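Keep the structure in view while reading.

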Amino acid sequence: MSREPRRPRCAPLIPRARGGRAQRAVLVLLVLCAGALLLAGQPLVPTARSLALHFATLQTGELLRGACYLAEEIFHLDSRHHGSFWRALSSCFPPHWHGPMLLVCGSAYVALFGDGQQHGLHLILASLCQLLILALGLWKPSAVEMSEMSERSKQNVAHGLAWSFYVGYLKIVLPRVKKCMEEFSRANPNLPACRKTWKLHILIPLSCDIYDDLEKADSNIQYVTELTETTLARAGIKKRVYKHSLYAITDEENQLWHCAVEYATPLQTLFAMSQDECAAFSREERLEQAKLFYRTLEEILRGSKECADTYRLIAYEEPEEAESHFLSREIAWHLRQEHREEISVQEQSHPPSPSTALDSAELNLQISVSDLPQPLRTDGF
């Protein structure tokens, strides 16, 4: 009896999109602070005065920061803002309620303050503090905030690479993959056919380390042939050729699998960027972008009807200790899963016939209670 092949150890952890937990935490902390303020039993007027002062200080800081950015943007009106000063102004002060908020808070602060207070001094001190914060570079978003903003606006390197890979390649070739595999199967009837594996298996190593020759990456992966090529006129190129390579994968039990497999080529761009000083792309950023590339590509393909059931994304993280057959084992695991899915579908579409299926009660009626033969009659005959 053959043993169950084990799942590769280095299954990657792909991060999901961030939820709204940070905003909910803000609301919880807001309630706690309001409760603490009520329990403190402070007089209403001084409390309202302090709140108005803090709000006015924060809004002053936002307006000062916008003014500093505007001092740079006015030199780029034509190239960045189509020559419009108001467009540059709205870009430097994106939330339009900063000005009204400052006016309201300032008015409330003046109204609540008693006579003889130096309002101008407080405004100057607030501006001085905000400008010191800006000058010292203390007013910067954290790495998490920058990551969330870029993911929500879909302006990451990974988003661009994933969409380019889909529109410029996968959307063209994936609808034709099954037809190419069917032609190969008809030409080689001696090879076992598993329709669930008639897909393009796309390798996504999170290290972005890609081999140009899969046979050199793993000796259990052997090149077989080229599938039928697709020729199209594309972006001014006459008769541009798209084709896939078919490989034979040997698993841990020496069973042979055939599939079309290739790397996601945009990962080479991420790897090259991390090696080029001009890109200023660290290894940690490369890993984050590789995971985001996988997640974005998965979301794109999941929403594409024409590419449904024509691909298999194989994301993996290579083990720290080098393994000669890690890649073939990873691919074989996915092929085995696809094979099981096909068997499951076949069993569901062909249920056992009621006339031949025997339940446990019928089986018990046909088995004698005693292990010894029993006579059919009790009168001795």
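## The open sheet

In this predicted model, strand β2 pairs with strand β5 (residues 245-250) in the antiparallel sense, over 5 bridges. Within that pairing, Q222 has A248 in β5 as its bridge partner.

β2 and β5 belong to an open sheet of 5 strands, ordered β2-β5-β6-β1-β7, and the pairing in this sheet is mixed. The edges are taken by β2 (221-226) and β7 (311-316); each has a single partner strand, so one side of each has no neighbour in the sheet. From one strand to the next, the twist averages 40°.

## A hairpin

Strand β3 (residues 230-234) and strand β4 (residues 237-242) also pair in the antiparallel sense, here over 4 bridges. L232 stands opposite R240 in β4.

The two strands β3 and β4 form a hairpin, with 2 residues between them. A235 lies in the turn and has a positive phi of about 50°.

## Helices α8 and α12

Two packed helices are described by the angle between their axes and the distance between the axes. For helix α8 (residues 157-173) and helix α12 (residues 283-302), the angle is about 45° and the axes are 8 Å apart. An angle of about 45° makes α8 oblique to α12. The crossing of α8 past α12 is right-handed.

Which residues in α8 meet α12? They are V157, A158, H159, L161, A162, W163, F165, Y166 and L170. On the α12 side, the residues are Q289, L292, F293, T296, L297, I300 and L301. Sorted by class, the contact of α8 with α12 has 13 nonpolar residues, 3 polar residues and no charged ones.

## Helix α11 and its two partners

Helix α11 (residues 266-275) packs with α8: their axes come within 9 Å and cross at roughly 150°. α8 and α11 are therefore roughly antiparallel to each other, and their crossing is right-handed. In this contact, V157, L161 and F165 of α8 meet P266, T269, L270 and M273 of α11. By class, these residues divide into 6 nonpolar, 1 polar and no charged.

α11 also packs with α12, where the axes come within 10 Å and cross at roughly 165°. α11 and α12 are therefore roughly antiparallel to each other, and the crossing of α11 and α12 is right-handed. The α11 residues P266, L267, L270, F271, S274 and Q275 meet R286, Q289, A290 and F293 in α12. The contact of α11 with α12 has 6 nonpolar, 3 polar and 1 charged residues.

A pair of aromatic rings is described by the distance of the centres and the angle of the planes. The structure holds 7 aromatic pairs. One of them is W163 with Y166: the ring centres are 6.0 Å apart and the planes stand at 80°, so the pair is edge-to-face.

How many residues apart are W163 and Y166 in helix α8? They are 3 residues apart, which means that about one helical turn separates them.

Methods
Residues numbered from 1 in each chain as written. Predicted model: local features only at pLDDT ≥ 70, side-chain atom pairs only at ≥ 80, totals over all residues. Heavy atoms only, no water. Axes fitted to C-alpha atoms, helices over the stretch in contact; angles between N-to-C directions. Parallel < 35°, antiparallel > 145°, perpendicular 65-115°, else oblique. Left-handed = near helix turned anticlockwise from the far one by under 90°. Contact = heavy atoms within 4.5 Å. Nonpolar A, V, L, I, M, F, W, Y, C, P; charged D, E, K, R; others polar. Pairing = 2+ DSSP bridges. Phe/Tyr/Trp six-rings, centres within 6.5 Å; stacked < 30°, edge-to-face > 60°.
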